[in-house]
Structures are given as C-alpha cells and as structure tokens.
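Visitor: I am new to protein structures. Could you show me how to read one, feature by feature?

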Amino acid sequence: DEKSSEVLQRSTKTIVQQVEAMKRMVDDFSEYAKPSKKHLQHIQIADLIHEILQLYMLQSNVVFNTTITAELPDVNVDPVSIRQVLHNIIKNALEAECTKIEISIKPIQRNEGVFVELAFYDNGAGLNDTQLETVFEPYVTTKAKGTGLGLAIVKKIIEEHGGVIWIDTTRTQGAGFIIQLPTV
C-alpha cells in the first residue's frame with residue numbers, strides 16, 4: 001500500500017545515506033592511516049593557491065581577499081598533498097558559513113631558516129575553547145556528516161613536509177589557521 005511504500009522509500013534513503021557516510025569515513029581513515037607517497041617538486045605556493053581559489057570563486061558567494069608578498073621563495077612539496085590541505089581548510093571555512101576568507105602569504109625567518117607562511121582567516125562561526133584544544137585530533141567533529149579527519153589529515157601532511165600549523169587564538173571572529181612551510 002501507499003503508506004508502506006513511503007516507509008520503504010524513507011528507510012532505503014536513510015540506509016543509502018548511512019552507507020555513503022560510512023564509505024566517506026573509511027576513505028578518510030585510510031587516507032589518514034596510509035604512509036604518504038610524496039612526489040616533491042619546487043613550486044610557487046602562490047600559484048597553487050590561485051589555481052584552487054579559481055574553483056571556489058566560481059561556485060561560492062564567498063569573497064576571497066589575497067595578500068601575497070612579491071618575492072616568495074619556492075617550497076619543496078608534493079602539490080597533490082598541499083592541494084588537499086588547501087581544499088580542506090577552505091571547505092571548513094565554507095561549511096562555517098563564512099562570507100569572506102582572507103589569505104596572506106609571506107616569507108618569514110624562523111630558527112635559522114626561511115619559511116613561507118600561509119594565513120587563512122574566515123568570518124564564519126569560529127571555534128570555541130573545546131574545539132581549539134581538539135581541532136587537529138582524529139575523529140573529533142561538530143559536523144553532523146563529518147568524520148573528524150579533515151584537519152587531522154591537514155596537520156599530518158604539513159608535518160610530513162617539515163612544516164607547522166596552528167590556530168590563531170587571537171582571532172575574535174571566525175577562525176584563523178597559520179601554516180609555515182620550509183623553503184627551498
């Protein structure tokens with residue numbers, strides 16, 4: 001009958017959604033757990049960021065403000081991995097319903113070395129104190145459909161490249177992530 005058919009359709013839809021969510025979680029876990037196979041290249045990180053921003057500018061209503069220091073040294077990274085880092089950070093900002101993302105890229109001197117610093121600031125929902133403490137831990141998420149591996153993977157990739165990532169806790173609105181990657 002019609003009522004049973006409706007219940008069957010809703011149940012089937014729920015099962016399909018749950019299977020998709022589980023598949024995403026397994027894929028994310030496998031990405032997090034697998035040893036990295038980096039194919040390092042000397043690249044201009046600003047070019048990679050511009051390439052990725054082109055995708056988001058076409059499909060979102062978010063304003064991107066980018067400030068890039070003119071003379072940036074190259075970084076020696078796996079472009080595929082760094083692309084994933086950038087996508088994860090931008091995707092998180094978009095999911096926080098921000099309307100603006102500010103990105104600055106500059107060289108900095110730190111401990112005898114030169115690094116390229118990428119700073120990402122959004123005007124979204126931001127992070128509370130509990131989230132600040134656990135944001136890079138695996139399986140910690142506040143999203144209904146999140147696996148809690150996105151930022152854990154980001155941190156792992158950055159550290160595999162000899163870099164560091166942290167949250168700018170001085171931020172009063174939205175979230176701020178700072179990445180430093182060693183230069184060539």
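**Reading the fold**

Guide: Start with one residue. Leaving aside neighbours within four places in sequence, Ile179 is in contact with Val85, Ile89, Val116, Glu117, Leu118, Phe120, Ile158, Val164 and Ile165. Keep in mind that this is a predicted model.

Visitor: Which residues have the most contacts inside the largest nonpolar core?

Guide: They are Ile45, Ile82, Ile105, Leu118, Ile179 and Leu181. The core has 40 residues. Elements that give two or more residues to this core include α3 (79–95), β4 (100–110), β5 (113–122) and β7 (176–182). The most comes from α2, with 7 residues.

Visitor: Let me step back. How many helices and strands are in the chain?

Guide: The chain has 5 helices and 7 strands. Along the sequence, the pattern reads α-β-α-β-β-α-β-β-α-α-β-β.

Visitor: How do I read a helix?

Guide: Begin with the turn. An α-helix has 3.6 residues a turn, so residues three or four places apart point the same way. Now look at α2. Its buried residues are Ile45, Ala46, Leu48, Ile49, Ile52, Leu53 and Tyr56.

Visitor: What span should α2 have, at 1.5 Å a residue?

Guide: The 15 residues of α2 should span 21 Å, and the end C-alpha atoms are 22 Å apart, so the two values agree.

Visitor: Which residues of α5 are buried?

Guide: In α5, the buried residues are Leu151, Ala152, Ile153, Val154, Ile157 and Ile158. After α5 comes Gly162, which has a positive phi, near 80°.

Visitor: Now the sheet. What is the order of its strands?

Guide: The sheet is open and has 5 strands, in the order β2-β4-β5-β7-β6, with mixed pairing. Its edge strands are β2 (63–68) and β6, since each pairs on one side only. From one strand to the next, the twist averages 15°.

Visitor: How do I follow the pairing?

Guide: Take the strands two at a time. β4 and β5 run antiparallel and are joined by 10 bridges. Lys106 stands opposite Glu117 in β5. The hairpin of β4 and β5 has 2 residues between the strands, and Asn111 takes a positive phi near 45° there.

Visitor: Where does the sheet go after that?

Guide: Move on to β7. β5 and β7 pair in the antiparallel sense, over 7 bridges. Phe120 has Phe177 in β7 as its bridge partner. β6 and β7 also pair in the antiparallel sense, over 4 bridges. Gln180 in β7 stands opposite Val164.

Visitor: What about side chains on a strand?

Guide: In a regular strand the side chains alternate between the two faces of the sheet. Now check the cover on β5. This strand is mostly covered, with 9 of its 10 residues buried.

Visitor: Is Ala70 buried or exposed?

Guide: The cut-off for exposed is over 50% relative accessible area. Ala70 has 75%, so Ala70 is exposed. Ala70 lies in the loop between β2 and β3. Ala70 and Ile105 are 35 residues apart in sequence, and their C-alpha atoms are 9.4 Å apart in space.

Visitor: How much of the whole chain is buried?

Guide: Of its 184 residues, 36% count as buried. The accessible surface comes to about 11200 Å², and 52% of that belongs to carbon and sulfur atoms.

Visitor: What share of contacts comes from residues 24 or more positions apart?

Guide: Take the contacts with a separation of 6 or more: residues 24 or more positions apart account for 72% of them.

Technical notes
Residues are numbered from 1 along each chain as its sequence is written. This is a predicted model: local features need pLDDT of at least 70, side-chain atom pairs count only at pLDDT 80 or more; totals for chains, interfaces and linings use all residues. Side-chain values use heavy atoms; hydrogens and water are left out. A nonpolar core is a set of buried Ala, Val, Leu, Ile, Met, Phe, Trp, Tyr and Cys residues joined through side-chain atoms within 4.5 Å. Buried means under 20% relative accessible area, exposed over 50%, partly exposed in between (1.4 Å probe, protein chains only). Contact means heavy atoms within 4.5 Å. The expected span of a helix is 1.5 Å times one less than its number of residues. Two strands pair if DSSP finds at least two bridges between them. Axes are lines fitted to C-alpha atoms, for helices over the stretch in contact, and angles run from 0 to 180 degrees between N-to-C directions. Accessible areas come from the Shrake-Rupley method with a 1.4 Å probe; for residues, only the protein chains shown count as cover.
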